[in-house]
Amino acid sequence: MARVVEAPASSAASSFRRRPWVRRAGPLVLLVVLVALPLMLPEGANDTLARIGVFAVAVLGLNVVMGYTGQVSLGQIFFLGLGAYVTAYGVTNDWNIVLVFVLACLVPAVVGLVVALAAARLGGLAIAMVTIALPIVGVPLAKRLSDYTGGSQGLSARFTDAPEGTGLYDDQWQLYLVFLIGGTVFLLTRNLVRGRYGRAFAIVKGNENVASSMGISPYRYKVLAFTIASLIGGVSGFLYMVVVQYTSPETMSFGHSIELLVAMVIGGAASIVGSILGGAFYVVVPDLTNAIDPSLTALLQGALLLVVLFLLPGGLASLPRALTRGRRRSRAGRGPAAPPTTPSSTTGSGTAAEEPETERQGHA
Amino acid sequence: MDKFIQLVVDGLSTGSVYAALALAIVLVHQATGLINFAQGGLAVLAAYVAWWLTNQGVPLVLAILLSIVFSFALGALVERYLMRRFERGDPDTAVVVTIGLLTLITGVAGWLWTYNNQQFPSLFSLETVSLLGVSVSIRSIGTTLAIVVVMVLLQALFAGTKLGLALRAVAVNPQSAAFSGLPVGRLLMVGWGLAAALGAVAGALVAPQLTLTPGMLDNALVYALAAVILGGLTSPVGVVVAAWIIGVLENLAAVYVGFIGFDLKVAVPFILIFVVLIVRPQGLFGRKVVVRV
């Protein structure tokens, strides 16, 4: 996670980053920052950061199925809600917290597996057409199963008060939990999408026929990607309970599901950094637009999504690369006047050569 | 038995609305190969326009006709200036564009006319008539008939006119159509316009029942998509039949299956989809599409 979080900031200086001591020190610095940050920030900032972490994990899950594997899913929020409900139910019944966490991962994963087994059978956009039903069925279902879900009232569960003796405030403890669990999920997912499975996902995304001619079953990998996305959604649901401590049917409404997708595309599809940016977008933008005019939120989100798709299809995560490309092009346009020996241009071309290696997996 | 027949007739009428929306989706899919998630949103916007016109003193029938014309123009413009750019590219991106469009339209409707429910005047009276000894509501019969008439007109357009032939040619193979001198771009605009107009009919017919809100057709979109999956993307007749089956079944399930009830009847098409996808993945009436590498 460390190097990836750094990437946008340091993309202009990647030759610097390639030095071995920087590579080793980078994660360490990040770790120190992550440990120190909750202690120094005010409560409100900690809370916002924690919520960004929660939704960054949810967006990351969506990215696995949609960004990396190319299967549009409109149901990711359902798995967040499911994970949150499982957590809340387990906590209110005093189950062991580790067991609750495992269940909050497994139950959404199993449901996702069953949904994907059916939905992936139809090629093309069937997954989008089926998953759109998940939040729309999920909300009345949650209201109906009121014995387990508390109906429209929802469930609240407090289990993340800072333990005695640590001397931490609740918000700091919660943020640490989000960093720890969310960071682990990000690391694991990063390894997944950069490895064998990530390459298979990318081929399925690129061309299913080519994939099956290479012995990669599109069906199997689509189901796998969707199941992993559901599992990550469940983790984000657990984190949601860690931070928000309350869930209701409204958590998994259709509108939120769309917002999550909007956040993913704007953050950057098939990008780890993009997932974090997407989480930030999901949390921060409604806060901002609500401050201006609550009735404008949907309008602004739709308009922003279309603008991003027109101007920056790779999302915010691709902004540094797009800028470097633009700068190089304008420099090339000026012709031989730009001497290739100036220090500024070496950093520019160094980035262009280096950057694709780190973030381009999904475009293969 | 009396109640049963009423339920079936009501189911057919809601099923007709889903059918109109589903047909609009199939129309766009055949022309451009993508699923337009904004189809419901466009229909809601049309219904708002009709509602706004009636508030300005325009008679209801005229207002609905005007909103249909408005939808046709809007659909054509959306195709030309928004979708055209993404049609040749990655279909997933194009789908995300339609989702963005849905969000944008919902936002515009909510911003202009608030998110509160608005009363939309009904085209048909709410009385019931006695038909073969069973009382059924005029609205249900009227809605069903109106949509059947629209479908017959559409079928006549596609089967009997030169424009319809050209539209079908573009749907089958845009490149060959262009080589034969057809204005593919303009025909795509017509296709989108027709789809949006069809949605507008559905919106105007269903708005009195649901009351007008920006998210009014979110559920109907799910039903329509279910009908599209069940009927098969390649078969307009299949889609309509599937929509009717869904409409009737969900009505019956809501009343006769205790656990489902009215709040969970939206799950009925979902369960149906599961069964069908596992037994017959190409849909009830669809053909298996074979793609050459």
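**Buried residues, helix packing and the chain contact**

Ala270(A) is buried, because 29 other C-beta atoms fall within 10 Å. (Buried means 20 or more other C-beta atoms within 10 Å of the residue's own, exposed 12 or fewer, and partly exposed anything in between, with C-beta atoms placed from the backbone.) The model is a predicted one, so local features are taken only at pLDDT of at least 70 and side-chain atom pairs only at pLDDT 80 or more, while totals for chains, interfaces and linings use all residues. Residues are numbered from 1 along each chain as its sequence is written, and chains are lettered from A and ligands numbered from 1 in the order in which they are written.

Ala270(A) sits in the loop between α14 (254–267) and α15 (272–292) of chain A; helices are DSSP runs of H or I with at least four residues, strands are E runs of at least two, and both are numbered from the N terminus. Although not a glycine, Ala270(A) has a positive phi, near 55°. Gln245(A) also shows a positive phi without being a glycine, at about 65°. This residue belongs to the loop between α13 (218–244) and β2 (246–247) of chain A. Gln245(A) counts as buried because it has 20 other C-beta atoms within 10 Å.

Moving to helix α4 of chain A (residues 43–68), Phe55(A) is found there. Phe55(A) has 28 other C-beta atoms within 10 Å, so it is buried. Leaving out residues up to four places away in sequence, Phe55(A) touches Gly279(A), Tyr282(A) and Val283(A), where a contact means C-beta atoms, placed from the backbone, within 7 Å. Phe55(A) and Ala263(A) are 208 residues apart in sequence, yet their C-alpha atoms are 9.4 Å apart in space.

Helix α6 (residues 97–119) of chain A packs against α13(A) at an angle of about 150°, with the axes 7 Å apart. Axes are lines fitted to C-alpha atoms, for helices over the stretch in contact, and angles between N-to-C directions run from 0 to 180 degrees.

Between the chains, 35 residues of chain B are in contact with 37 residues of chain A. On the chain B side, α4 (91–113), α9 (218–231) and α11 (267–279) are the elements giving two or more residues. The largest share, 15 residues, comes from α4(B). That side of chain B has 24 nonpolar, 8 polar and 3 charged residues.

For chain B, an unreviewed UniProt entry places "transmembrane region" at several stretches, including residues 6–27 and 187–208; such annotations may be inferred rather than shown by experiment, feature names are shortened, and positions follow the numbering used here. Residues 6–27 of chain B are 100% helix and 0% strand, with end C-alpha atoms 31 Å apart. Residues 187–208 of chain B are likewise 100% helix and 0% strand, and the end C-alpha atoms lie 33 Å apart.

Chain A has a mean pLDDT of 83, and 86% of its residues reach 70 or more; pLDDT is the predictor's confidence in each residue, from 0 to 100. Over residues 1–11 of chain A the pLDDT is below 50, and the stretch has 27 contacts in the model beyond near neighbours in sequence. For residues 335–364 of chain A, pLDDT stays under 50, and the model has 38 contacts beyond four places in sequence.

How values were computed
Two residues are in contact if their C-beta atoms, placed from the backbone, lie within 7 Å. Ala, Val, Leu, Ile, Met, Phe, Trp, Tyr, Cys and Pro count as nonpolar, Asp, Glu, Lys and Arg as charged, and the others, Gly among them, as polar.
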